[in-house]
Amino acid sequence: MHLNIFVSQSCFVHCKGCYSFSREEEKGKTIPTKELIDFLKFVYNSGCKKITLCGGDPLTREDIVELLEKIKEIGFTISLDTVGSPIIKDIVSDNGVLIRKMDAKKIAELVDVIGIPIDGSNNEIFRRFRQTNVDIVNEQLTVCEELNKFGAYICINTVAHKGNLEDAYELAKLIKKLDYINKWQIFQYEPLGKYGLKNRELFEITDKEFLNFQSAVLEVFDNDISKLQFKSSFNRKNAYMLIDNSGNAWIPALENMSLSEYSYILNDNVIIGNIVNRNDWCKICSHLDREFYSKL
Ligand code: SF4
């Protein structure tokens with residue numbers, strides 16, 4: 001099971017179908033860096049060597065560069081899911097904090113895989129899921145180009161949903177042109193998180209529709225799957241563990257949660273442990289993918 005850690009709550013866009021559970025948490029919660037690093041040292045020594053940082057958007061976290069440096073120092077392979085806006089400009093996040101333009105070279109050096117969302121070949125389609133007033137498609141491409149200058153490993157992340165099914169072919173043509181992209185992951189929309197659940201009727205697609213999206217992409221890529229990864233809801237079931245901004249470790253699964261007014265209620269049956277409690281660390285790590293042998 002892969003480990004995904006929320007390191008912030010705020011973001012640079014307002015996705016109508018936001019699938020992040022961070023929106024459910026008490027405002028302003030984050031795991032203090034020291035506690036997170038202590039826990040991650042234990043995780044690494046227990047054999048889990050890869051993590052994904054998510055949020056919100058991890059680049060809204062004040063000490064994100066310091067945190068990345070510390071995680072890298074432990075030895076982790078780091079994936080970072082971000083809209084990426086501060087790579088190219090100063091920007092105010094959704095909690096009103098000004099985030100200064102970041103050193104793209106530094107981020108490219110510290111992060112092993114940078115996941116950048118692109119869900120439409122034009123702004124109108126992109127904004128059906130991710131709401132923003134900026135010229136978002138061009139901005140995302142500029143973020144990718146900037147990261148590419150410094151040799152970043154770039155993974156485009158696309159959510160396939162009801163609003164972009166018709167765009168699969170055009171989007172695939174756009175992504176195919178970005179020959180410096182290392183990977184393109186396409187996720188079937190899932191009704192996770194407060195808004196993902198609330199707006200599921202706008203976005204949810206059937207397995208067959210996801211396969212149609214996949215077929216359009218494969219046609220454009222001449223069936224070359226070397227850079228492509230299709231992630232259906234089925235593939236992702238029980239595939240990852242979340243550590244939220246409150247430190248709770250749990251495995252997202254709709255059927256394991258109590259639902260109320262479009263909110264998930266995490267209960268004791270779902271929470272595996274909390275990282276602030278050292279006694280929970282072994283139990284948390286027992287669920288994670290491990291690499292016991294170093295690569296030759
Ligand atoms: S889905 Fe991701 S990018 Fe969109 S608002 Fe939520 S955290 Fe931000």
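Close-up 1. Gly-56 sits in the loop between β3 (50-54) and α2 (64-74); helices (H or I, at least four residues) and strands (E, at least two) are DSSP runs, numbered from the N terminus. The model is a predicted one: local features need pLDDT of at least 70, side-chain atom pairs count only at pLDDT 80 or more, and totals for chains, interfaces and linings use all residues. Residue numbers start from 1 along each chain as its sequence is written. The thing to look for here is the peptide bond from Gly-55 to Gly-56, which is cis, with omega near 25°.

**Close-up 2. The shell around the ligand.** Gly-55 and Gly-56 turn up again here, along with Cys-11, Val-13, His-14, Cys-15, Cys-18, Tyr-19, Ser-20, Asp-57, Val-83 and Arg-130. By type, the shell splits into six nonpolar, four polar and two charged residues.

**Close-up 3. Tyr-19 and its partners from elsewhere in the chain.** Tyr-19 belongs to the loop between β2 (14-15) and α1 (33-45). It counts as partly exposed because it has 19 C-beta neighbours inside 10 Å; the cut-offs are 20 or more for buried, 12 or fewer for exposed, and partly exposed in between, with C-beta atoms placed from the backbone. Glu-190 is 171 residues away along the chain, yet the C-alpha atoms of Tyr-19 and Glu-190 are separated by 7.5 Å. Leaving out neighbours within four places in sequence, Tyr-19 is in contact with Glu-190, Leu-192, Gly-193 and Gly-196, contact being C-beta atoms, placed from the backbone, within 7 Å.

**Close-up 4. Helix α5 and what covers it.** Helix α5 (residues 136-149) has 14 residues and reaches 20 Å from its first C-alpha to its last, close to the expected 20 Å, which is 1.5 Å times one less than its number of residues. Ile-136, Val-137, Glu-139, Gln-140, Val-143, Cys-144 and Leu-147 are its buried residues. Seen down the axis of α5, they fall within an arc of 165°, so they line one face of the helix; the arc is that of the directions from the helix axis to the C-beta atoms. Their cover includes α3 (104-110), β7 (113-117), α4 (123-129), β8 (130-131) and β9 (154-160). On the other side of α5, Asn-138 and Lys-149 are exposed. Just past the helix, Gly-151 takes a positive phi of about 75°.

**Close-up 5. Ile-154 in the nonpolar core.** The largest nonpolar core has 69 residues, and Ile-154 is one of those with the most contacts inside it. Such a core is a set of buried Ala, Val, Leu, Ile, Met, Phe, Trp, Tyr and Cys residues joined through C-beta atoms within 7 Å. Not counting residues up to four places away in sequence, Ile-154 touches Ile-114, Ile-116, Cys-144, Leu-147, Asn-148, Ile-181 and Asn-182.

**Close-up 6. Asp-222 and Asn-223, two positive phi values.** Most residues other than glycine have a negative phi. Asp-222, though, has a positive phi of about 50°, and phi of Asn-223 is near 60°. Asp-222 lies in the loop between α9 (207-220) and β11 (228-231), and Asn-223 is in the loop between α9 and β11 too. Asp-222 counts as exposed because it has 7 C-beta neighbours inside 10 Å, and Asn-223 counts as exposed with 10.

Technical notes:
Two residues are in contact if their C-beta atoms, placed from the backbone, lie within 7 Å. A residue is near a molecule or strand if its C-beta atom, placed from the backbone, lies within 6 Å of it. Ala, Val, Leu, Ile, Met, Phe, Trp, Tyr, Cys and Pro count as nonpolar, Asp, Glu, Lys and Arg as charged, and the others, Gly among them, as polar.
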